[in-house]
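This report walks through the fold of one protein chain, from its overall layout to a few individual residues. Please keep the sequence and the structure open while reading.

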Amino acid sequence: MTPESIAQSYLDEIAAAVMAGDYPTYRTGITLPFCLITHTSNITVNTEETLREGFDTFRGLLKSQRVTDYIRLVESAEAPDRDLISARYVTHLIAGSLRVMDPFHSHITLRLTGNRWTAASITNALANSRWPLDVLRGPETDPEKGPDL
């Protein structure tokens, strides 16, 4: 498998777990400590309890926004080491036929732990500064230009 296909499979599996409320699958895909770097903060998730709180809150946020499709598409990926993959992807949050917010870019670092790829960190353009993410705040965009993709 290529780094791109591994990253895409990982992102699809974790998005499906979030949408289904499947915390056990989500948990097996995250390395603790996990680092989330946003536009405004560096957040380190160190404990099972904090990770679970983040999962539940993010899932509740998606439900409150009536998100029907949580789509993350890999744009590029590389394997700087046989046990690490770094991928760039774009996230689309859709409610029916409407976007919940503009698409945004992220980078993920996956680490091979045993025989399972797990997320060690994500960097994205969201302006959120706390965990759990309870509000979706995208980066500032020029309304005449639209999002940078």
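Contact here means heavy atoms within 4.5 Å. This is a predicted model, in which local features need pLDDT of at least 70 and side-chain atom pairs count only at pLDDT 80 or more, while totals for chains, interfaces and linings use all residues. Residues are numbered from 1 along each chain as its sequence is written, and side-chain values use heavy atoms, with hydrogens and water left out.

**Overall layout**

Helices (H or I, at least four residues) and strands (E, at least two) are DSSP runs, numbered from the N terminus. On that basis the protein has three helices and seven strands, which follow one another along the sequence in the pattern α-α-β-β-α-β-β-β-β-β. Buried means under 20% relative accessible area, exposed over 50%, and partly exposed in between, with a 1.4 Å probe and protein chains only. Of the 149 residues of the protein, 42% count as buried. Among the contacts with a separation of 6 or more, 57% are made by residues 24 or more positions apart.

**Helix α3 and its surroundings**

Helix α3 covers residues 48–64, 17 residues in total, and spans 24 Å from its first C-alpha to its last, close to the 24 Å expected at 1.5 Å a residue; the expected span is 1.5 Å times one less than the number of residues. The buried residues in α3 are Leu 51, Gly 54, Phe 55, Phe 58, Leu 61 and Leu 62. They lie on the same side of α3 because they cover an arc of only 135° around the axis, the arc being that of the directions from the helix axis to the C-beta atoms. An α-helix has 3.6 residues a turn, so residues three or four places apart point the same way. The face turned away from the buried side of α3 carries the exposed residues Glu 49 and Lys 63.

What covers the buried residues of α3? The cover includes α1 (3–20), α2 (23–28), β1 (30–37), β2 (42–45), β3 (69–81) and β4 (84–95). Leu 51, one of the buried residues of α3, has a relative accessibility of 0%, and its C-alpha atom is separated by 9.8 Å from that of Tyr 23, 28 residues apart along the chain.

Arg 66 is found in the loop between α3 and β3, where its phi is near 60°, a positive value in a residue other than glycine. Arg 66 counts as exposed because its relative accessibility is 66%. Most residues other than glycine have a negative phi, and most peptide bonds are trans. A cis peptide bond, with omega of about -5°, joins Leu 32 and Pro 33, and Pro 33 is placed in strand β1.

**Strand pairing around β1**

**The nonpolar core and two buried residues**

A nonpolar core is a set of buried Ala, Val, Leu, Ile, Met, Phe, Trp, Tyr and Cys residues joined through side-chain atoms within 4.5 Å. The largest such core has 36 residues, and those with the most contacts inside it are Tyr 10, Val 18, Tyr 26, Ile 108 and Leu 110. The largest share of this core, eight residues, comes from α1.

Ala 119 has its place in strand β7 and is buried, with a relative accessible area of 1%. Leaving aside residues up to four places away in sequence, Ala 119 touches Tyr 10, Gly 29, Ile 30, Thr 31, Phe 34, Ile 108, Thr 109 and Leu 110. The C-alpha atoms of Ala 119 and Leu 11 are separated by 9.6 Å, although these residues are 108 residues apart along the chain.

Which side chains make polar contacts with the side chain of His 105? A polar contact is a pair of N or O atoms within 3.5 Å; within protein, one must be able to donate a hydrogen and the other to accept it, and residues adjacent in sequence count only if both atoms are side-chain atoms. The side chain of His 105 has such a contact of 3.1 Å with that of Glu 75 and another with that of Arg 88, also given as 3.1 Å. His 105 is in strand β6 (residues 104–113) and counts as buried, at 14% relative accessibility.
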